[in-house]
Amino acid sequence: MPLISGTQRNRGRPRPSSPSSSSSHAQPKRRATRLPDYEPPSYPLDNVSRRELAELSNNVDTRKYEEQLKQSITLLTNNVRDINDRYVKKRHELEKFRKRQRAQSEDDGENPETRQRGRAEEEAVMRLREAVPALTAECESAVRNVIDLRVELEDGRKAIQDTVRKAELERANAVEEDQEGGDNGATDEDDDLIMRNTQHGILGPLRILKNEREKAAADYATRSLEERYAVDNDYIGFKRLWWDAVHSVDGKPLPDASRWFTRNSAGGDDSGDDEEEDLVIAEEHISIYCPLSMVVMEEPYTSSVCKHTFNKPAIVQFLRSQPGHVAQCPQTGCSKEISVKDFYDDQVMLRKIKRAQAEKERQGEEGEDEDGVDIEDSTLQPRSIKAERARERGNQLLANLKLDPEEDDAI
Ligand SMILES: [Zn+2]
């Protein structure tokens with residue numbers, strides 16, 4: 001059955017203000033190089049075109065692009081980890097140098113060469129103190145940009161699928177209208193479509209796609225920072241590693257995601273926290289042993305469902321032996337159901353385990369009774385009560401992590 005033309009479909013409706021297509025064709029020919037303006041189609045897509053559109057929507061290959069986005073986040077995350085690690089290490093070295101310097105000057109009086117070196121070390125730390133937070137903020141912003149691009153990609157995929165669906169609908173409506181003899185049979189939806197393009201009565205796939213994309217972008221723009229990023233696994237991974245690098249000494253636990261974007265957009269600096277809030281943060285207790293295999297975890301593998309960590313080979317073997325590769329979490333007291341796909345390589349846990357082991361080795365060299373930590377919260381500012389407390393917390397955390405000498409055989 002032939003479809004009625006756009007002109008016929010619009011019979012009885014107000015004429016569009018723009019000139020009709022027939023009069024524009026009558027205009028003298030323009031320069032041959034100029035392409036005519038895009039005109040929306042007068043008819044809905046036919047069967048072949050709709051099938052091709054559906055195939056197109058199923059065959060959009062974005063794997064390479066997605067891999068590159070993922071890679072970008074990994075590089076930015078590792079960069080933030082490395083620069084903050086370097087800053088913390090430099091501060092630690094400066095502190096050690098100052099201690100030696102003090103001891104030396106008590107013995108032999110002040111040495112001009114040592115004093116000069118001390119000043120150079122201080123200047124280096126000062127430069128890092130300026131540069132590291134600025135670079136970190138830049139990387140944090142870039143990570144959020146990459147996440148935005150990924151959302152745009154995902155929304156674009158959905159928009160193409162919706163375009164296929166709506167092109168089907170335009171076709172169905174046009175057929176229905178044709179069968180019922182014109183405007184009188186138009187449904188509400190059809191009316192809506194015609195109102196949006198009075199000249200042709202249909203939008204056509206390009207216009208539909210554009211509308212869908214604009215709708216998704218407008219929706220994303222209304223979401224808060226927390227809604228956009230605090231639920232994104234890559235952002236969470238970035239945030240955890242960044243926090244761990246900044247707080248590797250004081251051991252302060254990462255605040256709840258609801259607080260990440262409240263004080264400043266960077267969120268990694270705790271300088272805005274007041275004392276009261278500091279007090280309510282619970283101490284973090286971690287075990288460096290795998291609850292399944294009882295060995296020190298060399299490949300900590302954490303469940304995103306319940307946050308419990310195991311050594312990767314042990315938990316993977318355990319889950320593979322279960323029916324359907326799904327099981328209740330083997331951590332005592334946890335009833336969550338887990339499978340291998342819920343797990344991720346836990347870089348932060350690995351760092352904590354390595355620090356605990358290094359601390360144990362150091363204590364082994366210096367004797368068990370000595371104070372475990374000699375790094376202060378800030379080496380360049382007068383020592384505050386808060387810094388003192390952070391130091392105590394750091395010591396306590398390390399004490400919690402201290403290995404039991406009787407279990408040395410298990411390592
Ligand atoms: Zn669990």
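Buried residues are those under 20% relative accessible area, exposed residues those over 50%, and partly exposed residues those in between (1.4 Å probe, protein chains only). The model is predicted, so local features are taken only at pLDDT of at least 70 and side-chain atom pairs only at pLDDT 80 or more, while totals for chains, interfaces and linings use all residues. Residues are numbered from 1 along each chain as its sequence is written, and side-chain values use heavy atoms, with hydrogens and water left out.

The chain has 411 residues, of which 36% count as buried. Its secondary structure comes to 13 helices and five strands; here helices (H or I, at least four residues) and strands (E, at least two) are DSSP runs, numbered from the N terminus. Contact is used throughout for heavy atoms within 4.5 Å. Among contacts between residues at least 6 apart in sequence, 70% join residues at least 24 apart.

Helix packing comes next. Two packed helices are described by the angle between their axes and the distance between the axes. Axes are lines fitted to C-alpha atoms, for helices over the stretch in contact, and angles run from 0 to 180 degrees between N-to-C directions. Angles under 35 degrees count as roughly parallel, over 145 as roughly antiparallel, 65 to 115 as roughly perpendicular and the rest as oblique.

Helix α4 (residues 63–108) and helix α9 (residues 233–246) have axes that come within 8 Å and cross at roughly 10 degrees. The two helices are therefore roughly parallel to each other. On the α4 side, the residues in contact are K70, I73, L76, T77, N78, V80, R81, N84, D85 and V88, and these meet D234, G237, F238, L241, W242, A245 and V246 of α9. By class, the residues of this contact divide into nine nonpolar, four polar and four charged. For these classes, Ala, Val, Leu, Ile, Met, Phe, Trp, Tyr, Cys and Pro count as nonpolar, Asp, Glu, Lys and Arg as charged, and the others, Gly among them, as polar.

Helix α9 also packs with helix α12 (residues 347–366), at an angle of about 25 degrees and with the axes 9 Å apart. That angle makes α9 roughly parallel to α12. R240, L241, D244 and A245 of α9 take part, along with Q347, V348, R351, K352 and R355 of α12. The residues of the contact of α9 with α12 divide into three nonpolar, one polar and five charged.

Helix α5 (residues 112–179) holds T136, which counts as buried at 3% relative accessibility. Leaving aside neighbours within four places in sequence, T136 is in contact with V80, I83, N84 and W242. Two of these partners, V80 and N84, belong to the α4 side of the contact with α9, and W242 belongs to the α9 side. S141 is also in helix α5 and is partly exposed, with a relative accessible area of 31%. S141 and L76 are 65 residues apart in sequence and 10.0 Å apart in space, C-alpha to C-alpha. A159, another residue of helix α5, is buried, with a relative accessible area of 3%. Its C-alpha atom is separated by 6.0 Å from that of L209, 50 residues away along the chain. Not counting residues up to four places away in sequence, A159 touches L209, E212 and R213.

C306 lies in the loop between β1 (300–303) and β2 (309–311) and C329 in the loop between β3 (326–328) and β4 (337–339), so the pair ties together parts that are 23 residues apart in sequence. Both C306 and C329 are buried.

K307 lies in the loop between β1 and β2 and counts as exposed at 54% relative accessibility. K307 has a positive phi of about 70 degrees although it is not a glycine. M294, in the loop between α10 (275–280) and β1, has a phi near 65 degrees, a positive value in a residue other than glycine. At 52% relative accessibility, M294 counts as exposed.
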